[in-house]
Amino acid sequence: MSDVTTSGSSSPDTSRRSGERPDKPAPSVFALSMAVGVVVFTVVTVVATDFSLAGIIEDLSRPNSSFQGLLNLDWSQVTNPRALAAFVETVQMAVVGTIIGGFAALPLALWASRVGAPNAAVMWTAKTFNNIVRAIPDVLWALLFVAMVGIGVLPGILALIFFSIAVTSKLTSDVLDGIDMGPVEAARAAGSSHTQMLRTSIVPQILPSYVSFLLYNFELNLRASAVLGLVGAGGIGQLIDFYRGARAWPQVWGIIVLFLIVTIVVEQISVMLRRRLV
Amino acid sequence: MSAPDRRPTGQDPGRSGSPRRPDDVAQHVDDMLRPERPMEVFRWVVTAVVLGLLAWGLSADIRWNRLVGAIPEFLNIMWLMFKDPDWSALPGLLDAMWESIAIAWLGTVLATIVAIPLSFLAAENLVPKPVSVLTRQVFNVLRAIPELILAVAFIPVFGLNARTGVMAIAVGSVGTLGKLCYEIIEGLDTGPIEASDAVGASGIQRLRWGVLPQVMPELASFAMYRFEVNIRASAVLGVVGAGGIGTLLSQYISFKVWDRAGLALVVVILATIVVDAISGRIRRRIVAGPGGTLHMTTIDPEALDAAQALAPEEQPGAPA
């Protein structure tokens with residue numbers, strides 16, 4: 001492509017009268033209307049949220065407890081046994097949520113795909129279920145489960161299970177759309193049952209991607225489980241909420257730093273594992 | 001992505017020994033025709049590791065006994081939520097949902113405006129290595145902090161209002177948008193830029209005809225997608241008081257005002273689905289061009305997010 005665009009530089013186009021310009025491309029109606037739409041919508045939302053840069057600058061120039069806490073960050077949180085215990089709880093929540101939710105997502109993804117569904121009714125039900133689960137954010141799941149079973153680790157795990165179903169089933173069904181139909185036909189020709197066909201022709205094809213989605217989902221869950229505690233669903237978020245209530249900002253930022261360290265370490269491990277798998 | 005499974009198979013050709021009875025003959029033929037079972041050791045190791053992790057995870061103080069009452073409670077709540085919704089709450093809920101959408105949009109716009117110039121500092125072909133490494137670390141840190149945590153930290157600064165929500169969304173999105181931007185910049189095709197230079201384009205003309213057409217489609221569609229993701233985030237920001245529908249949601253659910261909570265839930269779900277659909281259409285039009293057909297799933301939010309997260313670091317600029 002680039003040689004076409006650069007060829008004019010060395011040898012001028014002789015078929016054209018000298019000095020004649022090529023026609024300017026007409027401005028795209030779509031691009032123009034998009035640009036206008038973006039500007040209009042931005043102005044409308046600025047009004048709706050009562051947002052102003054002057055206000056932001058004014059807020060930032062006032063001394064505030066949060067940023068002062070960031071400057072006096074409490075590094076001792078990294079060795080605080082209470083914080084570490086809360087972190088173990090967070091990781092446990094993420095592990096259980098990923099394993100149970102991720103495994104439940106595989107049949108749901110299969111049933112929601114045209115090739116994997118035993119019949120249209122199952123496909124429709126699985127698709128609708130996946131879409132609804134997908135539209136509810138993780139914190140909202142936690143709110144609901146806290147109301148149902150009370151505060152603690154249990155509502156956090158339940159929320160992460162549903163969150164994992166949403167993420168993994170969606171990603172997996174995307175891969176299912178692009179699988180090789182050859183093995184499926186072969187299995188059917190050999191007289192396999194529907195389950196046997198899924199097991200021998202489809203699952204092996206999607207397995208490497210599915211496993212890397214599980215690992216990715218674990219990273220997401222770890223990140224999510226840190227905030228679930230803000231609504232009472234266990235883990236490190238509960239400690240953040242506690243320190244926030246006590247206005248102990250150096251401690252809050254200390255926990256956030258610890259959280260960053262944990263997520264970055266886990267991400268590195270996950271990247272390493274994925275590289276070996278895929 | 002879906003590579004065919006190549007599991008190692010044993011070389012053992014089958015059972016040896018001469019068959020005597022017809023049943024044995026059939027068995028023997030069957031054994032020869034059937035492919036060997038794949039190796040099991042790896043599967044057992046993986047199963048053991050997963051079960052071990054699960055057991056360790058379940059050793060947390062979960063108190064499963066509460067789950068017994070949860071299922072009837074769940075059905076009961078569903079019934080209370082949807083048997084007779086309190087429609088009088090609807091205008092307030094729609095208003096709050098609109099605020100959530102506005103927070104997500106404005107946050108995304110601000111993040112894009114900040115991320116584009118910042119990403120120049122992260123592109124290896126523009127700045128010295130230490131600068132790009134440092135900027136990338138900033139992006140990574142911003143990407144790792146959940147928006148809700150940012151909102152908690154911003155409330156003492158900007159107050160209990162939508163402004164805090166906008167700032168939390170904006171700061172949280174700078175990382176992902178910045179990462180995409182520097183990947184685009186590093187993958188820029190120099191051909192069109194050289195061509196613009198060759199025909200004597202001014203600086204602005206070179207930007208307009210050499211750079212913008214390459215950058216805009218991907219950047220615009222990714223920013224739109226980020227807006228969809230941010231709606232999900234901004235819908236719950238109100239839980240900590242940072243504006244939007246989350247405040248009403250958490251109040252209705254915590255105080256068990258189920259006839260309103262159900263309505264709030266429906267508003268969030270429907271608004272999310274509708275905005276996704278509109279935004280998805282626009283993104284499809286941006287990526288595929290007029291009259292273009294592109295399979296919808298290739299530009300779905302989770303797929304894009306995962307593509308960014310799962311893309312190997314060695315190949316910057318790989319289109320999602």
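**Contacts and confidence in a two-chain model**

User: Which residues is Asn217(A) in contact with, leaving aside neighbours within four places in sequence?

Analyst: This is a predicted model. Asn217(A) sits in helix H10 (residues 194-228) of chain A. Setting aside its neighbours within four places in sequence, its contacts are Thr98(A), Gly102(A), Ser164(A), Val167(A) and Thr168(A).

User: Is Asn217(A) buried or exposed?

Analyst: The cut-off for burial is 20 or more other C-beta atoms within 10 Å. Asn217(A) has 27 C-beta neighbours inside 10 Å, so it counts as buried.

User: How far apart in space are Asn217(A) and Leu32(A), C-alpha to C-alpha?

Analyst: In sequence, 185 residues separate Asn217(A) and Leu32(A). In space, C-alpha to C-alpha, the separation is 39 Å.

User: Are the axes of H6(A) and H8(A) parallel, perpendicular or oblique?

Analyst: Helix H6 (residues 120-135) of chain A packs on helix H8 (residues 153-177) of chain A, with axes 9 Å apart and an angle of about 120°. Roughly perpendicular covers 65 to 115 degrees, and roughly antiparallel needs over 145. The angle therefore makes H6(A), relative to H8(A), oblique.

User: Is the crossing of H6(A) and H8(A) left-handed or right-handed, and which residues of H8(A) make the contact?

Analyst: H6(A) passes H8(A) in a left-handed crossing. Asn130(A), Val133(A) and Arg134(A) contribute from H6(A). From H8(A) come Phe162(A), Ile165(A), Ala166(A), Ser169(A) and Lys170(A).

User: How many residues in the contact of H6(A) with H8(A) are nonpolar?

Analyst: The contact of H6(A) with H8(A) has 2 polar residues and 2 charged residues. The nonpolar count is 4.

User: How many nonpolar residues are on the side of chain B that touches chain A?

Analyst: The contact between the chains takes 73 residues from chain A and 72 residues from chain B. By class, the chain B side has 14 charged and 8 polar residues. Its nonpolar count is 50.

User: How many helices does chain B have?

Analyst: Chain B has 0 strands. From the N terminus on, its elements run α-α-α-α-α-α-α-α-α-α-α-α. The number of helices is 12.

User: What share of the residues in chain B is buried?

Analyst: Chain B has 320 residues. Among its contacts between residues at least 6 apart in sequence, 69% join residues at least 24 apart. The buried share of chain B is 39%.

User: In which helix of chain B is confidence lowest?

Analyst: Chain B averages a pLDDT of 81, and 82% of its residues score at least 70. Confidence is highest in helix H4 (residues 90-120) of chain B, at a mean of 94. The lowest mean in chain B is 60, in helix H12 (residues 301-310).

User: Over which residues of chain A does pLDDT stay under 50?

Analyst: Chain A has a mean pLDDT of 86, with 93% of its residues at 70 or more. Its lowest confidence is in helix H1 (residues 2-10), at a mean of 42. The stretch under 50 has 15 contacts beyond four places in sequence and covers residues 1-13 of chain A.

User: Near what value is phi of Asp50(A)?

Analyst: Asp50(A) lies in the loop between helix H2 (29-48) and helix H3 (53-61) of chain A. It counts as partly exposed because it has 14 C-beta neighbours inside 10 Å. Most residues other than glycine have a negative phi. Asp50(A) has a positive phi, near 55°.

User: Is Arg247(A) buried or exposed?

Analyst: Arg247(A) lies in the loop between helix H11 (236-245) and helix H12 (249-277) of chain A. Its phi is positive, near 55°. With 12 other C-beta atoms within 10 Å, Arg247(A) is exposed.

Notes
Residues are numbered from 1 along each chain as its sequence is written. Chains are lettered from A and ligands numbered from 1 in the order in which they are written. This is a predicted model: local features need pLDDT of at least 70, side-chain atom pairs count only at pLDDT 80 or more; totals for chains, interfaces and linings use all residues. pLDDT is the predictor's confidence in each residue, from 0 to 100. Helices (H or I, at least four residues) and strands (E, at least two) are DSSP runs, numbered from the N terminus. Axes are lines fitted to C-alpha atoms, for helices over the stretch in contact, and angles run from 0 to 180 degrees between N-to-C directions. Angles under 35 degrees count as roughly parallel, over 145 as roughly antiparallel, 65 to 115 as roughly perpendicular and the rest as oblique. A crossing is left-handed if the near helix is turned anticlockwise from the far one by less than a right angle, and right-handed if clockwise. Two residues are in contact if their C-beta atoms, placed from the backbone, lie within 7 Å. Ala, Val, Leu, Ile, Met, Phe, Trp, Tyr, Cys and Pro count as nonpolar, Asp, Glu, Lys and Arg as charged, and the others, Gly among them, as polar.
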